[in-house]
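Open the model in a viewer and follow the stops below in order. Each stop says what to select and what is there.

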Amino acid sequence: MTKFFPKALNTIIFLILVIQTLIYYFNTKSSTKVFSQKSVSVENFSSIVLSKSGMTKIGSEKLNKIDDNNISLEGISYLENSKYKIYGSNIFIDMENDVSSSKDDVEVINSMGILNAESFTNLDSEGKILFKGKVTFVSHD
Amino acid sequence: MTKYILIILLFIFKYAQSESYVKAGDSLIWDSEKQSYTANGDVEFQNDKFIAFADKMIAEYIEQKDKEVFTIVELFNDVIIEFKDEIFKGDYAIYTREDNIIKLTGNVSIKSPTRLLTGYELIADIDNNKRILNSADDESLVEVLLDNNAKN
C-alpha cells in the first residue's frame, strides 16, 4: 500500500501538469487571435489595390479587415481608378471576387458625367456597376 | 475688371455646353465592357434634341477623345418623345445619333398642334424635318415634310 501511494500521487501530479499545459496552450492561442483582429482596424486609411480595372485607390475614415478577403470601409469612403471615381460611405469590398458594394448614397464620376444613386454594387471582374433606387446621370454628351 | 470678364465668360461657356441626362426610378447598370447604360423604371432621357420617357432604356456609347458619347438610344414600353411642339408615342423607339433619326414602332402616334396621326411605324428625320408614318400592312403611308421655315 505504502509503495502504491507515491506512484499514484506522481501519476496525479503528472496529469495535472499535462492539463495545465493544455490550458496554457489554448489560452495563448485564443489571445493571439484577438490581438490580430484588433490590429487591422485603421483610421483615415488610404491604399492602392490591384483589380481588373487596374490600380484602384481606396480610402475611408476607418477600415476594418473582416478576414483575408473582405474589408469594410466605414464612414466617408472612396474608390478611384482610371475608369471611375466612386464617393460614398460604408463600402464593403470582397477582394476575392472583385466586388464592392454599399447601401448608402453614392456619387460616381466617369469620363461621361456624374451619376448619383441610392446604392451600388460594383462587379469589377465583369466591368459592370449596378445602381439601385432613384438614379440620376448627368452627362456632358 | 479682367477677372470679372473671365468669370462671366466661364459662366457662359459652362451653359453653352450641351448636357444630357438619364433618370431612372428603379435601377441603372453601367456596363463598361459592352459600353452601355441600361436604365429601368420610369426612365427619363434628355439630350439637346428631345426629351423621352419610357419603362426601360438602353443607351450605347463610344469613347471619343477620352470622353464617352451616346450613339444609340433604345426605349422600351410606353415610349413618349417630346420634340419641340410634337409628341411621338410608341411601344419601342430607337434613336441614332449619327443620322439624327428617331424610329418608333408598335402603336405609334404623332401629335402636333394641328394634327394627330396614328400608325405602326414612325420615322422622324430630325435633320431633314421629315416624318414618315406607315401602317402595319404597308397599305397606307403618310409622308410629311414639315415647313422649311421651321428650324430644328
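Start with Glu121(B), which is buried at a relative accessible area of 18%; buried means under 20% relative accessible area, exposed over 50%, and partly exposed in between (1.4 Å probe, protein chains only). The coordinates are a predicted model, in which local features need pLDDT of at least 70 and side-chain atom pairs count only at pLDDT 80 or more, while totals for chains, interfaces and linings use all residues. Residues are numbered from 1 along each chain as its sequence is written, chains are lettered from A and ligands numbered from 1 in the order in which they are written, and side-chain values use heavy atoms, with hydrogens and water left out.

**Stop 1**

The term covers a side-chain nitrogen of Lys or Arg within 4 Å of a carboxyl oxygen of Asp or Glu. Glu121(B) lies in strand E8 of chain B and Lys103(B) in strand E7 (residues 101–112) of chain B, so the pair ties together parts that are 18 residues apart in sequence. Strands (E, at least two residues) and helices (H or I, at least four) are DSSP runs, numbered from the N terminus. Lys103(B) is partly exposed, at 34% relative accessibility.

Next, select Glu86(B), Arg115(B) and Arg131(B), which salt bridges with shared partners join into one network. Within this group, the side chains of Glu86(B) and Arg115(B) meet in a salt bridge of 3.6 Å, N to O. That pair links distant parts of the chain, with Glu86(B) in strand E6 (residues 86–96) of chain B and Arg115(B) in strand E8 (residues 115–125) of chain B, 29 residues apart. Buried or partly exposed: which applies to Glu86(B)? Glu86(B) counts as buried, at 4% relative accessibility, whereas Arg115(B) is partly exposed, with a relative accessible area of 23%.

**Stop 2: a salt bridge in chain A**

Move to Lys65(A) and Asp68(A), whose side chains meet in a salt bridge (3.6 Å, N to O). Lys65(A) counts as partly exposed at 37% relative accessibility, and Asp68(A) as exposed at 66%. Over all chains, the structure holds 4 salt bridges.

**Stop 3: the largest nonpolar core**

Which residues touch the most other members of the largest nonpolar core? They are Phe131(A) and Ile81(B), in a core of 52 residues. The largest share of this core, 6 residues, comes from strand E5 (residues 67–83) of chain B. A nonpolar core is a set of buried Ala, Val, Leu, Ile, Met, Phe, Trp, Tyr and Cys residues joined through side-chain atoms within 4.5 Å.

Centre on Ile81(B) and show its contacts, leaving aside neighbours within four places in sequence: among them are Phe50(B), Ile51(B), Leu75(B), Phe88(B), Ile102(B) and Leu104(B). Contact means heavy atoms within 4.5 Å. Glu86(B), from the salt-bridge network, is also in contact with Ile81(B).

**Stop 4: Asp42(B)**

Select Asp42(B), in strand E3 (residues 36–46) of chain B. Asp42(B) counts as exposed, at 65% relative accessibility. Not counting residues up to four places away in sequence, Asp42(B) touches Lys23(B), Ala24(B), Gly25(B), Ala54(B) and Asp55(B). To check a distance, pick the C-alpha atoms of Asp42(B) and Lys56(B): they are separated by 7.4 Å, and the residues are 14 apart along the chain.

**Stop 5: chain A as a unit**

Colour chain A by secondary structure to see 1 helix and 10 strands. Read along the sequence, the pattern is α-β-β-β-β-β-β-β-β-β-β. Buried residues make up 32% of the 141 residues in chain A.

**Stop 6: between the chains**

Show both chains: 24 residues of chain A are in contact with 24 residues of chain B. How many salt bridges are there between chain A and chain B? The count is 0. By class, the side of chain A that touches chain B has 9 nonpolar, 8 polar and 7 charged residues; Ala, Val, Leu, Ile, Met, Phe, Trp, Tyr, Cys and Pro count as nonpolar, Asp, Glu, Lys and Arg as charged, and the others, Gly among them, as polar.

End on Ser139(A), in strand E10 of chain A. Ser139(A) is buried, with a relative accessible area of 2%. Leaving aside neighbours within four places in sequence, Ser139(A) is in contact with Met112(A), Gly113(A), Glu19(B), Ser20(B), Tyr21(B) and Phe70(B).
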